[in-house]
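Thanks for passing this one along. Here are a few notes to read beside the model, point by point.

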Amino acid sequence: MLSVDEIEKQAEDLYATVMDQLYKQYAGLPFDETLLFQTAIKGKELAETALEQSIKPRPFYLLMLENLANAMGLPFILQLSKEYEKISTPEVQIDGKPVNLLTWGKFRIQTTDWSALKVAFDSFVEQAPKLIPYVKQRFTAHQEICDRYNENPLDIYLEKEQIQYSTLTRLITQLAERARKPFLQAAEYYCQKIKGEPFSPQDDHAFFHYNVNQPLSNHLRGLDPLVHVKKTLKTLGFNVEGIKIDSEDRPLKRPHAVIVEVRIPEDIRVINNPYNPLGAFISIFHEFGHGIHALCANPKDPFWKRHAVPLSVSETFSFLIDGLLENRLFLTKELGLPSKVINDCLDRSKASGLFFTVFLAANSLMKLSFWKDSLSFEQASSRWENLTRRFYIEIPGNYWLLYPINVEHILYNPSYLMASMRTTQIQHNLIEEFGEAWWEEPRAGKYIAELAATRADFPISKFPLDPEPFLKQITQLSFI
Ligand SMILES: [Zn+2]
């Protein structure tokens with residue numbers, strides 16, 4: 001029998017070893033796969049000991065259960081990353097090589113060759129089923145561990161997020177149904193304007209993120225996001241100098257920015273993908289939002305309290321900081337955006353927000369039903385197709401397999417939508433208490449820091465989820 005202190009200490013060290021290797025993998029650096037597997041096996045044994053001892057409190061127990069399930073799923077996740085590289089399309093090239101699933105993100109940002117984008121999209125959708133065996137094994141491994149301890153993946157997720165299944169699906173449906181019409185109007189408007197063509201399935205999040213938001217991106221060219229995020233967070237009272245940043249471009253680097261919290265709060269690293277100015281700004285602001293959340297953890301708190309944070313709570317802090325890039329006053333005052341372009345830029349970022357809402361709503365409902373109704377992969381793809389048709393336009397079923405957050409995580413997308421609603425409420429509180437330019441007020445920083453320090457004990461019930469304020473923020477476009 002191990003003492004709780006000993007389990008915590010070992011779990012934290014093993015976690016740090018795994019995270020250090022995953023950091024290297026995400027950054028496209030050489031990493032030690034053998035060490036990763038050995039550590040995963042040690043982690044598995046430790047988690048089994050903790051679970052046999054029915055370790056308390058409940059969030060610690062669930063954290064160990066998830067650690068065990070993740071350790072069992074690790075080989076398939078690693079295999080999946082190797083498959084991403086193998087799925088490529090010879091007709092479309094980037095840096096003299098066929099575009100593959102890892103370089104697709106970079107390609108989408110760099111090109112305005114719409115027909116090449118369509119070729120790549122169609123080819124990847126067609127090849128997506130090749131990923132199914134690995135995703136299936138990853139999910140099955142997770143399910144089997146949950147079965148062994150009489151738990152199930154969906155209930156664990158809902159318990160951590162402190163929400164009922166019916167409430168969650170109702171909120172998500174409400175968001176998507178209200179966002180649908182303005183989104184389709186905005187999508188048609190921008191597709192005609194940018195491509196001279198109607199909105200189509202391959203106009204995905206990258207199109208909205210980078211092409212629709214091009215004017216803001218052009219304005220940000222030459223500005224250093226790190227300088228601005230550090231200045232803003234410093235004014236709020238956060239010391240973020242300790243966060244390590246990797247901005248180097250490497251062929252195997254993940255297409256999405258990511259934060260790796262190796263030790264909370266001591267060792268926090270951000271992998272940035274500097275493909276385009278707005279992308280760099282959003283990534284850096286988003287990941288530094290996660291960064292301050294981790295930095296505020298009390299090092300004296302137990303391991304589980306610092307680590308067992310619901311995903312929607314994590315994303316609340318990142319959205320709070322990257323949300324500044326959609327704030328009229330912040331853009332004009334801090335980033336010097338001329339007032340004559342501000343309305344256009346805000347319309348465009350709202351269009352992206354609408355896309356994000358309908359897209360994630362379809363993904364979330366599909367994935368929730370995947371676990372609730374034990375869907376087959378075929379059924380999941382057809383469910384995704386139906387949901388996209390209902391919420392915006394029909395996207396080919398297998399596309400969901402190409403969206404990394406869907407594939408690697410048991411459930412994640414609903415947390416983004418919950419975080420959006422919660423962040424809007426916190427933004428309102430900040431404005432009410434500290435004024436329109438709350439980011440200039442150290443007392444606002446103190447409020448955020450106190451919330452961030454709660455980590456696994458975040459007071460979820462203090463911020464009831466309400467879709468209206470969030471919808472109000474994204475549905476008012478000047479040309480609709
Ligand atoms: Zn995030």
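1. A term to settle before the sheet comes up: two strands count as paired if DSSP finds at least two bridges between them. Please also keep in mind that this is a predicted model.

2. With that in hand, look at β4 and strand β5 (residues 267-271): they run antiparallel and are joined by 5 bridges. Within this pairing, Val 260 sits opposite Arg 269 of β5.

3. The sheet itself is open and has 3 strands, ordered β3-β5-β4, with mixed pairing. β3 (244-246) and β4 (258-263) are the edge strands; each has a single partner, so one side of each lacks a neighbour in the sheet. From one strand to the next, the twist averages 20 degrees.

4. Which strands does helix α12 touch as it packs on the sheet? Helix α12 (residues 277-295) touches β4 and β5, and its direction makes about 175 degrees with that of β5.

5. Stepping back to the whole chain, the domain assignment gives domain 1 (4-158) and domain 2 (165-475). Their centres, taken over C-alpha atoms, are 21 Å apart. Domain 1 brings 41 residues to the contact and domain 2 brings 42.

6. On the side of domain 1 that touches domain 2, the elements giving two or more residues are α1 (4-26), α3 (58-86), α4 (104-110), α5 (114-127), α6 (132-148) and α7 (153-161). The most comes from α1, with 9 residues. By class, this side of domain 1 holds 31 nonpolar, 3 polar and 7 charged residues.

Terms used:
Residues numbered from 1 in each chain as written. Predicted model: local features only at pLDDT ≥ 70, side-chain atom pairs only at ≥ 80, totals over all residues. Domains from an automatic or database assignment. Contact = placed C-beta atoms within 7 Å. Helix = DSSP H or I, 4+ residues; strand = E, 2+ residues; numbered from the N terminus. Nonpolar A, V, L, I, M, F, W, Y, C, P; charged D, E, K, R; others polar. Axes fitted to C-alpha atoms, helices over the stretch in contact; angles between N-to-C directions.
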